[in-house]
Amino acid sequence: MTLGVDKKIVTWAALTAAALLVSGCGGTAGADSGTAPARPAASPPPAAAEDKAPGGSAERPGGGAPDERPGGSAERPGGSAEAAAAYRKWGLKPFAAPPAPPRTKPVTRKPGGPVPVISEIPTQDRVVFITIDDGAEKDPAFVRMMEELNVPVTMFLTDSAIRADYGYFKPLTALGNGVANHTLTHPNLRTLGRSAQRQEICGQQRKLAEEYGTTPRLFRPPYGNWNEDTRAAAAECGVDAIVLWRESMQIKNMRYQRGDRKLHPGDIILAHFRGPAELKGTSMTRMTANMLRHIQAQGFTVARLEDYV
């Protein structure tokens, strides 16, 4: 865990477990809404709707280690006429460049220690982190959007959702976007024993390593549902952090866990690979554009999650 934040992480997990269920993967897209109502942590996951929105960044996090950005460029196009033209194409304005990544990552797993559980990154930087789950929708336009905007995202992929076309995600990984673990079959892990959880997590570690060349360091439990068996299984599978979220993107609006309904420095945002059938006719690129507008309107830019964990 991050030095000095062990108690904070436990508190995060307890306070946000209920709200996490509202935004968890697996549901169909519902009406846009505001703050998610609290639910007991033990409640079964709802069929929540996640929508995605637009967005982009002008540059990649400065100073990012090349070995952590396979195939990715060291910078986003920030400030250039070419970048501005690319953003205009998607109805956006270029983002400010994020600050250089911290020399010491604010979230780390202590050797032999439990896996940290996080929904935000402890930082004063006005940055947020975009994560996209599952992988069911494979819209070629989204790949073009990411190539042109060069916004860093982390993809939490489920094998049952991506196995029909592993290749779709390879151009996205070539841009330096992170590949992370979202289990083999997207079960509610709280209903499974430790051995079965280990099979879901470790099995997807191996699958993703085979397909994309790197073993994931980050893991997200489906629906945000986890317990101490999840944590132990994740540790056995080589996971460095269990990643939850603070906001989830709906079709047009963002769903917040906090009562102030605002982004905060270091917040992790949840979105999904979904298409018009689940998004009331809205495309994933349009949703992504909406998301990026929300981020920019609140004075934030987008950084790469793997540079902070």
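Strand 3 (residues 153–157) and strand 4 run parallel and are joined by 4 bridges; two strands count as paired if DSSP finds at least two bridges between them. The structure described here is a predicted model, in which local features need pLDDT of at least 70, side-chain atom pairs count only at pLDDT 80 or more, and totals for chains, interfaces and linings use all residues. Residues are numbered from 1 along each chain as its sequence is written, and side-chain values use heavy atoms, with hydrogens and water left out.

Helices (H or I, at least four residues) and strands (E, at least two) are DSSP runs numbered from the N terminus.

Attention now turns to the interior. A nonpolar core is a set of buried Ala, Val, Leu, Ile, Met, Phe, Trp, Tyr and Cys residues joined through side-chain atoms within 4.5 Å. The largest such core has 40 residues, of which Ile130, Leu157, Phe169, Leu172, Phe273, Leu292 and Ile295 touch the most other members. Elements giving two or more residues to this core include strand 2 (127–134), helix 3 (140–149), helix 6 (194–212) and helix 8 (284–297). Apart from it lies another core, of 30 residues, with Val107, Cys202, Leu218 and Ile268 among them.

Phe129, located in strand 2, is buried, with a relative accessible area of 0%. Leaving aside residues up to four places away in sequence, Phe129 touches Ile121, Gly266, Asp267, Ile268, Ile269, Ala303, Arg304, Leu305 and Tyr308, contact meaning heavy atoms within 4.5 Å. The C-alpha atoms of Phe129 and Thr301 are separated by 8.7 Å, although these residues are 172 residues apart along the chain.

Two loop residues also deserve a look. Most residues other than glycine have a negative phi. Tyr223, in the loop between strand 5 (218–219) and helix 7 (228–236), has a positive phi of about 65° although it is not a glycine. Arg261, in the loop between strand 8 (254–256) and strand 9 (268–272), likewise has a positive phi, of about 55°. Tyr223 is buried, with a relative accessible area of 16%, whereas Arg261 is partly exposed, at 45%.

Conventions: Buried means under 20% relative accessible area, exposed over 50%, partly exposed in between (1.4 Å probe, protein chains only).
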